[in-house]
Amino acid sequence: MRASSAKYLVGQGMKSIWRNRMMSFASFCIILVSLLMVGVSVLVTINLNRIISGIEDQSEAAVTIKDGIDEKSRNALKDQIEGLPNVASVTFYSKDEAWENMKSDMSDEQQDLFRYADENPLPDTFRVTVKDIKLMSDTSMQIETFDNVDSVKSPTQFADVLVSIKNILSVIMTAVIFALIVVCLIIISNTTRASVFARRKEINIMKYVGATNTFIRIPFFIEGMIVGIIAAAAALLLTQFAYESVYNIFKNDMKLWSVLGVDNLYPFKKMFLKVTVSYLVSGAFIGAVGTSISAGKHLKV
Amino acid sequence: MVEFKDVSVTYSSGVDALNNVNLKINDGDFAFVVGSSGAGKSTLIKLILKEINATEGTVLVNGFNLKKLRRSKVPALRRTIGVVFQDFRLIPTMTVYENVAFVLRVIDAPAKYIRSRVPYVISLVGLEDKAKNYPTELSGGEQQRVALARALVNDPQLIIADEPTGNIDPALSYEIVDLLKSINECGTTVLMVTHEHDLVRYFGGRIININKGSIAFDEMIGGSRDNES
C-alpha cells in the first residue's frame with residue numbers, strides 16, 4: 001500500500017469519529033463503563049487477596065516452652081522449629097516480656113490486682129509464623145512432638161476460615177469478572193454494529209467500486225482503536241480518582257481496622273503502570289476488533 | 001466485453017429470474033436493456049458485478065470468467081466496471097471532488113494521479129464549479145453527473161447504468177444519455193438499463209428486451225434523433 005493511501009485511511013478513520021460522533025460517543029461510553037467494571041473488579045480482587053494474605057502473615061502459632069529449661073536447649077528447640085519446611089519465622093517471647101505486655105494492656109484497677117502477685121505465672125513462648133496457612137495444623141502437630149514443648153496453640157480454625165473465604169472469594173470474583181467481560185463484549189459488538197450499520201451504504205459503494213475488504217476495514221479499525229484508547233484514558237483517570245479516594249479513607253479514617261489488614265492495600269502508584277497498560281491495550285483491542293468484526297458483516301456484497 | 005452463455009438464474013426462493021440467456025456485448029458497444037419490472041434486468045446486472053452467481057451457464061466479463069473467479073478477486077473485476085445507479089449512491093458526507101476521488105483512493109492510486117485525474121473527469125461532466133459542493137446541494141441531474149464522473153474516473157472498460165434517468169427530470173434525462181453516448185464514443189462499452197421507451201426511441205441503437213427471464217428482442221433500431229439531423 002502506498003504511503004499516501006495509508007495516510008488517507010488513517011485520516012478517514014479519525015474523521016469518521018467526528019462524523020459519526022453520536023455513535024462514537026456511545027462506543028466510548030460502553031468501553032469506558034466496561035473497562036471500569038472489569039478494572040475495578042480486578043483491583044478489588046487483588047486487594048482482597050492482599051488483605052487476606054496480610055492476615056495470614058500475622059496469624060501465628062504460640063509454642064509454649066516447658067518451664068525451667070536452659071538457654072542452650074531453648075536455642076536447640078528454636079533451630080528445630082526453624083528447620084521445619086513450612087515455618088517462616090520463629091520469635092522468642094520471654095515470660096517477662098509477656099508479663100509487661102499483659103500489664104500494659106490492663107487498666108490501673110486491674111493492674112492493682114496483680115501488684116502483689118509474687119511470681120510471674122506466664123510461660124516463655126515462641127511465636128511461629130508459617131509460609132502456608134493451609135498447613136498450619138500439620139505444622140503445629142509436628143512442633144508438639146518436639147522435646148521441651150509444653151503445648152502449641154494455633155489459630156487453625158481461623159486459618160481454615162480464612163482459606164475458605166479466600167477460595168470462595170476467588171471463585172465469586174472470577175465468575176463476576178468473566179460475566180462482566182462477556183456482557184461487555186456483547187454490548188460493545190452491538191453498539192459498534194449499530195455504528196457500522198449506519199454506514200452500510202458507504203461500505204456498499206466501496207464494494208461496488210472495487211475496494212478490497214482490508215481497505216474497507218482499516219478506517220473502521222483505526223476509528224475503533226482511537227475511541228477505545230480515549231475511553232481507556234478516561235477510565236484510567238476515573239479509576240485512579242476512585243481508588244485513591246477509597247485508599248485514603250482506609251488509610252486515614254479506618255486505622256482501627258488495621259487488624260483486619262486493610263492497611264495492606266496497594267497504593268495506586270504501585271499499580272499505575274500495570275493498570276495503564278491493561279486499560280490501554282484492552283480499550284484499543286476491544287474498540288478495534290469490535291468495530292472491524294461488525295464492519296465485516298456488511299462486506300458480503 | 002460481456003458474454004452470457006446459456007445462463008440461468010434460479011433464486012433460493014424458487015423464482016426463475018433468467019432462463020437460458022445467450023448474449024454478447026462487444027467492446028465499444030452501446031446497448032439499452034429494456035423490459036418490464038421483474039423481467040430480469042437487475043439479475044443481469046447483479047451477475048455482471050458478481051453480486052450473485054449463475055445457477056447454470058457461463059458469464060464472461062472483461063476477460064474474467066465469473067464462474068471461476070474467487071471472492072478475493074472480485075474487487076479486481078469491479079475495478080474494470082463503472083456503475084451508475086438510479087439513486088446515485090453518492091456519499092453524503094463527502095464533497096463532489098471527494099466522491100470522485102474516493103474510487104481512485106480505494107484502488108490505491110498515486111496521490112499525484114488523483115490530483116490530475118479527478119478535476120479532469122469532473123470537467124467532463126460539466127461540474128467544475130461544483131467540485132467543492134456536497135451532494136445534497138446539487139440537483140438530481142447534477143448528482144447523477146457526479147455518479148457518472150465517479151464511474152468514469154477509473155477509466156473502466158464497461159459502464160453499467162442502472163436506470164440512470166429514473167430519478168431525474170425527463171428533460172435532463174437526455175443530457176445524461178448524451179453524456180453516456182459521448183463516453184461510449186471514446187471507446188468505453190456502455191450498458192444502460194431503462195424502461196423509458198421515449199429515450200430509447202429517441203437515441204436508437206442496440207436494444208435488448210428482456211421478458212420473463214428470456215431475451216425477447218435484440219436488434220439495432222434507428223433513433224428519431226438520427227432522423228432529426
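This is a predicted model: local features need pLDDT of at least 70, side-chain atom pairs count only at pLDDT 80 or more; totals for chains, interfaces and linings use all residues.

Biologist: Okay, so at what angle do the axes of H9(A) and H10(A) cross?

Modeller: They cross at roughly 150°. H9(A) and H10(A) are therefore roughly antiparallel to each other. Helix H10 of chain A covers residues 268-296, and its axis comes within 7 Å of the axis of H9(A).

Biologist: And what is the handedness of the crossing of H9(A) and H10(A)?

Modeller: Right-handed. As for the residues in the contact of H9(A) with H10(A), 20 are nonpolar, eleven are polar and three are charged.

Biologist: How about H1(A) and H9(A), what angle do their axes make?

Modeller: Roughly 55°, with the axes coming within 8 Å. H9(A) here is the helix of residues 213-253. The pair H1(A) and H9(A) is therefore oblique, and its crossing is right-handed.

Biologist: Which residues of H1(A) and H9(A) meet there?

Modeller: From H1(A), the residues include A:Leu9, A:Val10, A:Met14 and A:Ile17. From H9(A), they include A:Ile218, A:Pro219, A:Ile222 and A:Val227. By class, the contact of H1(A) with H9(A) has nine nonpolar, three polar and one charged residues.

Biologist: New topic: how many residues does each chain bring to the contact between A and B?

Modeller: Chain A brings 17 residues and chain B brings 15 residues. On the side of chain A, H1 (3-19) and H8 (200-208) each supply at least two residues. The largest share of that side comes from H8(A), with five residues. Sorted by class, the side of chain A that touches chain B has nine nonpolar, four polar and four charged residues.

Biologist: Let's move to chain B. What is the strand order in its open sheet of six strands?

Modeller: The order is E6-E7-E8-E3-E9-E10, and the pairing is mixed. Strand E6 (81-84) and strand E10 (214-221) are the edge strands, each pairing on one side only. From one strand to the next, the twist averages 15°.

Biologist: In what sense do E3 and E9 of chain B pair?

Modeller: In the parallel sense, over four bridges. E3 of chain B covers residues 30-34 and E9 of chain B covers residues 205-211. In this sheet region, B:Val34 stands opposite B:Asn209 in E9(B).

Biologist: Which helices lie across those strands?

Modeller: H1(B) is one of them: it lies across E3, E7, E8 and E9 of chain B, running at about 150° to E7(B). Helix H5 of chain B, residues 140-152, lies across E6 and E7 and runs at about 170° to E6(B).

Biologist: Last one, a single residue. Is B:Ala54 buried or exposed?

Modeller: B:Ala54 is buried, because it has 21 C-beta neighbours inside 10 Å and the cut-off for buried is 20 or more.

Biologist: Where in chain B is B:Ala54 found, and what does it touch?

Modeller: B:Ala54 is found in the loop between helix H1 (41-48) and strand E4 (56-61). Leaving out residues up to four places away in sequence, B:Ala54 touches B:Val7, B:Ser8, B:Val9, B:Leu47, B:Val59 and B:Lys67. B:Phe4 is 50 residues apart from B:Ala54 along the chain, and their C-alpha atoms are separated by 9.8 Å.

Key:
Residues are numbered from 1 along each chain as its sequence is written. Chains are lettered from A and ligands numbered from 1 in the order in which they are written. Two residues are in contact if their C-beta atoms, placed from the backbone, lie within 7 Å. Ala, Val, Leu, Ile, Met, Phe, Trp, Tyr, Cys and Pro count as nonpolar, Asp, Glu, Lys and Arg as charged, and the others, Gly among them, as polar. A residue is buried if 20 or more other C-beta atoms lie within 10 Å of its own, exposed if 12 or fewer, and partly exposed in between; C-beta atoms are placed from the backbone. Axes are lines fitted to C-alpha atoms, for helices over the stretch in contact, and angles run from 0 to 180 degrees between N-to-C directions. Angles under 35 degrees count as roughly parallel, over 145 as roughly antiparallel, 65 to 115 as roughly perpendicular and the rest as oblique. A crossing is left-handed if the near helix is turned anticlockwise from the far one by less than a right angle, and right-handed if clockwise. Two strands pair if DSSP finds at least two bridges between them.
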